[in-house]
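Subject: Structure handover

Hi,

Here is the structure I promised to pass on. My notes follow below it.

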Amino acid sequence: MNNTKTLYDGGKVITGLVIFVILVTLPFWYNHGKAAPEPQPQLTAKAKAEKACVRPKSIMKATHMQILNGWRNNVVRNARRIWETADGKRFNMSLSKTCLDCHSNKEKFCDTCHNYAAVAPYCWDCHIDKVKEAKE
Amino acid sequence: MKRSRRSFLQLAGVSALGLGLKPAAGLFAASGGHGRAPGEKVLKSEKALKAKQWAMVIDTRKFESAEDLEPLIEVCHKIHNVPSMKDKRHEIKWIWEEEFEHAFPTQELRFLPERIAQLPFLTLCNHCEHPPCVRACPTKATFKREDGIVLMDFHRCIGCRFCMAACPYGSRSFNFRDPRPFIEEINPDYPTRMKGVVEKCNFCAERLAVGRMPACVEASNGAITFGDLEDPESEVRALLRENYTIRRKQALGTGPAIYYIV
């Protein structure tokens with residue numbers, strides 16, 4: 001029995017495969033080296049002066065959404081509205097009144113990362129993000 | 001070593017289970033996230049007002065016309081960012097006025113004294129002792145708090161409106177449209193709602209939490225009394241002892257916590 005294996009129309013098959021691979025990876029080639037710059041959220045003067053958030057910065061960066069979720073459950077469902085940090089500092093658990101009091105620059109703080117990560121939190125459908133403007 | 005297919009499959013199954021278990025356990029741990037680091041606490045304010053069942057006694061003898069009720073309605077709707085919709089079908093109301101025969105259809109209506117027949121009655125969520133809306137809500141977005149307040153968790157509301165069908169008092173409104181453009185002056189201290197959620201009076205839970213009386217009580221010049229129904233020494237109990245009061249649709253057994261002196 002003849003054991004040699006023949007690739008029929010080898011040239012066409014290989015060319016086709018190469019074209020297929022190029023086409024599929026085209027978006028990667030197209031966008032190569034054009035990565036959006038890493039977001040640089042800016043702190044307001046007030047936030048800088050405060051130095052510490054309700055938790056260390058690295059934890060806030062990674063888990064602020066879980067913290068806010070815990071806050072909303074505690075405030076709405078358990079009627080507990082005060083957050084005491086490990087070193088005894090107290091905060092009103094309020095997105096509009098506490099978080100945005102320091103981080104009053106939502107566009108340059110919240111939105112920079114959210115846009116970069118393509119997440120659209122629906123907090124702002126109800127919670128008022130322009131506390132200062134609304135007051136004026 | 002010779003192995004049967006059966007024993008091989010058993011071993012493979014157990015191994016797969018073991019391998020799958022660890023990431024799954026990690027998943028559950030990570031999805032928690034609400035935990036607090038040691039030393040962190042969530043507390044109630046020392047100033048917060050406490051009760052077992054908040055209740056309201058409205059002395060309707062102190063109101064004469066719709067004009068007397070207007071400031072109360074206005075202050076409530078203003079601080080809670082309640083929109084004023086022109087289209088009646090989209091109306092949102094937390095506290096509103098109602099004719100006697102509509103507010104109390106089960107009371108004797110045939111020979112009403114003129115004063116009562118013409119007097120507008122202040123109506124709001126009754127914060128029932130046995131709230132039917134809470135039983136109807138499929139997501140527990142509406143729930144009865146420890147202090148008796150029937151509260152809405154707008155975050156959880158899916159807009160099914162079962163609660164509106166269940167409430168015999170018409171105390172709930174649905175946001176058919178985005179309410180923001182219809183709020184004349186937004187109060188930055190209180191969130192608005194979004195399209196697709198139900199809303200109603202919250203007995204000013206946000207004010208009680210900082211030691212203040214509900215806004216309508218404060219604005220009523222003493223016509224509305226607010227207090228703990230379970231406390232025999234409270235002001236509301238004193239009023240109930242001294243006056244004959246009626247409640248809306250009592251026979252339904254919901255146990256409304258709004259009492260009217262007529």
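Two bridges tie strand E10 (residues 245–246) of chain B to E11(B), and the two run antiparallel. Thr245(B) has Ile261(B) in E11(B) as its bridge partner. Please keep in mind that this is a predicted model.

On its other pairing, E11(B), residues 258–261, runs parallel to strand E2 (residues 54–59) of chain B, with four bridges between them. There, Met56(B) sits opposite Ile258(B) of E11(B).

These strands belong to an open sheet of four, in the order E9-E2-E11-E10 of chain B, with mixed pairing. E9(B) and E10(B) are at the edges with a single partner strand each, so one side of each has no neighbour in the sheet. Helix H9 (residues 235–242) of chain B packs on this sheet. H9(B) touches E2, E9, E10 and E11 of chain B, and its direction makes about 115° with that of E9(B).

Now the cores. The largest nonpolar core has 53 residues. Met56(B), Ile58(B) and Ile95(B) have the most contacts inside it. Several elements of chain B supply at least two residues each. Among the helices are H2 (66–79), H7 (205–208) and H8 (215–219). Among the strands are E4 (121–124), E6 (150–152) and E9 (224–228), along with E2 and E11. E2(B) gives the most, with five residues. In general, nonpolar side chains tend to be buried together in soluble globular proteins.

What does Ile58(B) contact, leaving aside its neighbours within four places in sequence? The partners are Leu122(B), Ala223(B), Ile224(B), Ile258(B) and Tyr260(B).

A second, separate core has six residues. Trp71(A), Val75(A), Val76(A) and Met93(A) are among them.

Next, the interface. In total, 26 residues of chain A are in contact with 23 residues of chain B. On the chain A side, four elements each supply at least two residues: helix H3 (57–77), strand E1 (82–84), helix H4 (95–102) and helix H6 (131–135). The largest share, nine residues, comes from H3(A). By type, the chain A side divides into nine nonpolar, nine polar and eight charged residues.

Which strands pair across the two chains? E1(A) and strand E1 (residues 41–43) of chain B do, running antiparallel with three bridges. Ile82(A) stands opposite Leu43(B) in E1(B).

That pairing is part of an open sheet of three strands, ordered E2(A)-E1(A)-E1(B), with antiparallel pairing. Strand E2 (90–92) of chain A and E1 of chain B are the edge strands, each pairing on one side only. The twist averages 25° from one strand to the next. Within chain A, three bridges join E1(A) to E2(A), again antiparallel. Glu84(A) has Arg90(A) in E2(A) as its bridge partner.

Start at Met56(B), one of the residues with the most contacts inside the largest core, and follow its pairing across to Ile258(B). Then go to E1(A), which is joined to E1(B) by three bridges and to E2(A) by three bridges.

Best wishes

Methods
Residues are numbered from 1 along each chain as its sequence is written. Chains are lettered from A and ligands numbered from 1 in the order in which they are written. This is a predicted model: local features need pLDDT of at least 70, side-chain atom pairs count only at pLDDT 80 or more; totals for chains, interfaces and linings use all residues. Two strands pair if DSSP finds at least two bridges between them. Two residues are in contact if their C-beta atoms, placed from the backbone, lie within 7 Å. Ala, Val, Leu, Ile, Met, Phe, Trp, Tyr, Cys and Pro count as nonpolar, Asp, Glu, Lys and Arg as charged, and the others, Gly among them, as polar. A nonpolar core is a set of buried Ala, Val, Leu, Ile, Met, Phe, Trp, Tyr and Cys residues joined through C-beta atoms within 7 Å. A residue is buried if 20 or more other C-beta atoms lie within 10 Å of its own, exposed if 12 or fewer, and partly exposed in between; C-beta atoms are placed from the backbone. Axes are lines fitted to C-alpha atoms, for helices over the stretch in contact, and angles run from 0 to 180 degrees between N-to-C directions.
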